[in-house]
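Hi,

Here is the structure I promised to pass on. Have a look at it first, and then read my notes below.

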Amino acid sequence: MKLYHRFSTFFLISFISIQSFAQKNASEYFIDSLMNKMSLDEKIGQLNLAAVPDGAITGTEFSKDINQKIADGQMGGVFGTWNIMEIKAMQDIAVNKSRLHIPLLFGLDVIHGHKTIFPVPLGMSCSWDTALLRQVARISADEASSEGINWVFSPMVDISRDPRWGRVVEGAGEDPFLGSQIAKAIVEGYQQNFGANNTVMACVKHFALYGAVVGGREYNSVDMSPQQMYQYYLPPYKAAVDAGVGSIMTSFNDLNGLPSSGNKWLLSNLLRKQWKFKGFTVSDYSAVGELANHGLGDEKTISALALNAGTNMEMVGEHYLHTLKDLINEGKVSVQAVDNACRVILEAKYKLGLFQNPYLFINTERAAKEILTKAHKDFAQQVAEHSFVLLKNNPQVLPLQSKGTIAVIGPLADSKANMLGAWNAAGDTSNAITVLDGIKNFVGGKGTIIYRKGANITDDSLLKRRVNIFKNEISTDERTPEQMLEDATEAASKANVIVAVVGEAADMTGESASRTHIDIPESQRNLLKALKKTGKPLIAVLFNGRPLTLKWENDSCDAILDVWFGGTETGNAIADVLFGRYNPSGKITMSFPKDEGQIPLYYNRKNTGRYYDEKRDGLSSKFKSDYLDESNDPLFPFGYGLSYTTFLYGNIQLSNARPSGNEALKATIKITNTGKYAGEETVQLYITDPVARVTRSVEDLQGFKKVFLQSGESKDVTFTIIPENLKYYDYDLKYDWDAGDFIIRIGTNSRDTQSAKVKWSK
Ligand code: BGC
């Protein structure tokens with residue numbers, strides 16, 4: 001207490017000075033005077049970020065002697081723990097024992113909720129609901145900050161066109177327009193009001209282009225044209241920067257020959273000079289050290305490379321700590337470079353309010369009140385319902401009625417371990433509602449529920465071992481696969497309907513979870529085949545963190561409801577949708593391929609010189625851009641998702657078919673709910689630029705609106721289109737639009753649209 005008082009006195013003196021130097025920005029003055037007192041070692045210390053060894057494990061190296069280093073002023077922040085007492089103890093050391101009492105940042109991977117877990121981010125993106133996502137970030141910030149966290153490693157905004165890459169689960173899919181809106185919403189949600197005890201600093205990641213790793217193989221290289229980068233992969237990071245994100249994490253991949261953490265073009269030219277980013281950058285886990293593995297030199301060389309490139313803080317590895325002083329003496333790194341890095345980290349602490357009160361986020365009473373509240377759980381259920389995508393419902397077997405006998409079958413039906421999905425650092429699987437529990441809660445005494453496991457998630461022992469490294473997600477039944485199948489089909493044959501709960505285990509996606517075969521594991525496909533033979537209506541409830549190849553399932557099941565990993569309230573949300581209390585409205589944000597051989601597969605593809613059109617060219621054409629053995633089309637296109645009702649799209653009405661200059665064009669379309677149920681539709685706007693100075697995509701998403709319609713109701717939906725929506729990067733990276741024809745497309749997904757032509761003059 002006495003020492004903490006000393007800290008306050010220290011701050012008070014500075015505060016008085018702030019008053020007298022009002023013309024200078026208060027934070028600048030405070031940090032100037034603090035940095036004047038700091039030794040070079042203390043400045044270098046601020047650039048060091050440690051991982052708590054007993055916290056969430058996210059890499060292969062660990063930090064040592066953390067407390068001693070905090071006391072010695074050799075630590076800028078710590079991450080990986082959400083134990084408030086542990087956090088308090090470390091902050092005590094920083095504030096009371098270190099010479100200048102500089103408080104620590106406490107980071108954590110709050111990826112889709114803190115303790116109340118929301119659906120995995122890819123799932124949430126399928127809601128196309130930015131207000132919902134902003135609120136998810138807000139609640140996550142409330143919960144995490146109440147346990148001492150002031151910095152969250154989120155949002156992950158890596159665009160990806162490759163579902164083999166396991167980390168697609170953490171992002172918002174393949175489209176830069178939607179990805180940018182989501183990035184902005186999440187950053188705003190976390191960073192609502194700096195200085196308040198429930199506002200945390202966001203960290204957008206992974207900068208940059210990590211989602212384009214070759215072959216979808218984890219940590220692999222990225223090689224990309226500048227046009228592709230600027231047009232498709234960079235916009236979400238830029239949107240986060242424009243929304244004021246406080247920090248940015250580098251990515252593991254090398255990018256056109258230089259890994260991000262040592263890439264000056266990326267971290268200094270693009271990020272600071274072009275985008276005017278003012279926050280601080282942090283390397284990904286041991287990524288500075290890994291520059292040596294990339295083949296860029298010894299410890300000193302890579303440290304200098306990273307710092308000089310613009311990596312301000314090093315996450316795990318301590319190469320900065322070991323080498324920067326020597327590097328300064330050798331003239332390979334300037335004092336100014338260390339000062340710059342130290343300053344942006346101190347600014348972040350100042351912004352968070354940590355200098356005013358290092359214990360702002362450490363309040364055990366708040367933690368007890370704000371975690372896993374009923375309101376948070378109710379909201380999590382609502383978000384889960386909005387994230388589910390109905391992929392098939394033909395014949396219309398859904399929604400179900402809560403009567404008769406329902407067979408709930410499958411290895412994921414009663415598996416708490418798999419409901420939350422990958423990357424739920426502080427989540428507790430014991431709080432999760434399983435599908436079986438959710439269905440039982442819903443049906444109550446009105447029907448009979450039979451449950452059978454039916455199969456193991458996989459019988460592939462290698463896959464099982466690798467997935468189960470941290471948690472036992474894939475349990476193995478004592479019975480043989482044949483015995484399990486027999487037991488399941490026997491039970492199913494007594495039911496009126498079968499709900500088969502199948503898919504991936506939670507950690508079959510996420511970091512270090514790339515797959516070459518993105519199908520439902522064989523053991524479960526066999527289960528579905530056996531269930532199909534019973535002749536009962538077969539509904540697949542599908543758990544997955546990536547698009548899967550579902551040709552067989554689509555041909556064989558009557559309905560498929562993709563539920564991703566829905567978080568804490570998964571089971572209740574699924575029951576609400578299966579029984580029609582909520583009419584599904586999610587739309588996929590990554591294309592689902594028919595076959596892995598089509599990957600990468602994405603809607604905003606190029607025409608090519610020999611464009612293949614299945615309808616026009618048939619299946620026996622020659623010399624077209626196609627495959628001999630598979631069509632080019634996805635099984636489910638980007639933006640696709642069904643409802644229990646049907647929506648009819650009218651024709652597009654344009655305010656002016658010949659707009660000019662900066663005029664705003666209005667495109668209106670009438671949507672009618674022609675089915676029996678009330679429901680919500682996400683109306684999507686795409687634009688095609690048929691002639692340009694470089695080759696363009698066949699279409700690009702440029703807007704979306706959600707509309708709720710009662711059965712029989714119609715509403716007009718209007719999009720305002722401005723020249724900004726027509727702009728693209730040309731060969732010289734000039735960002736502009738050309739006068740000429742454009743096709744405006746509005747529809748229910750990227751494939752099924754109405755269109756209208758406009759001629760836009762300059
Ligand atoms: C991941 C990051 C994560 C970090 C800290 C890394 O392995 O790539 O996304 O934020 O670990 O846990």
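Let's start with strand β1. It pairs with strand β2 (residues 77-79) through three bridges, in the parallel sense. One of the facing pairs here is Ala51 with Phe79 of β2. Before you go further, keep in mind that this is a predicted model.

β1 also has strand β10 (residues 314-315) as a partner: the two run parallel and are joined by two bridges. In this pairing, Asn48 has Glu314 of β10 as its bridge partner.

What about the faces of β1? In a regular strand, side chains alternate between the two faces of the sheet. For β1 (residues 48-51), Asn48 and Ala50 lie on one side, Leu49 and Ala51 on the other, and all four are buried, so both faces are covered. Buried here means under 20% relative accessible area.

Now for another part of the chain. There is an open sheet of four strands, with antiparallel pairing and the order β21-β20-β25-β26. Which strands stand at the edges? They are β21 (700-709) and β26 (753-760); each has a single partner strand, so one side of each is left without a neighbour in the sheet. On average, neighbouring strands of this sheet are turned by 20° against each other, ignoring direction.

Within that sheet, you can follow the pairing of β20 (residues 679-688) with β25 (residues 740-747), which is antiparallel and has five bridges.

Cheers

Definitions and conventions:
Residues numbered from 1 in each chain as written. Predicted model: local features only at pLDDT ≥ 70, side-chain atom pairs only at ≥ 80, totals over all residues. Heavy atoms only, no water. Pairing = 2+ DSSP bridges. Axes fitted to C-alpha atoms, helices over the stretch in contact; angles between N-to-C directions. Buried < 20%, exposed > 50% of the residue type's maximum accessible area, 1.4 Å probe, protein only.
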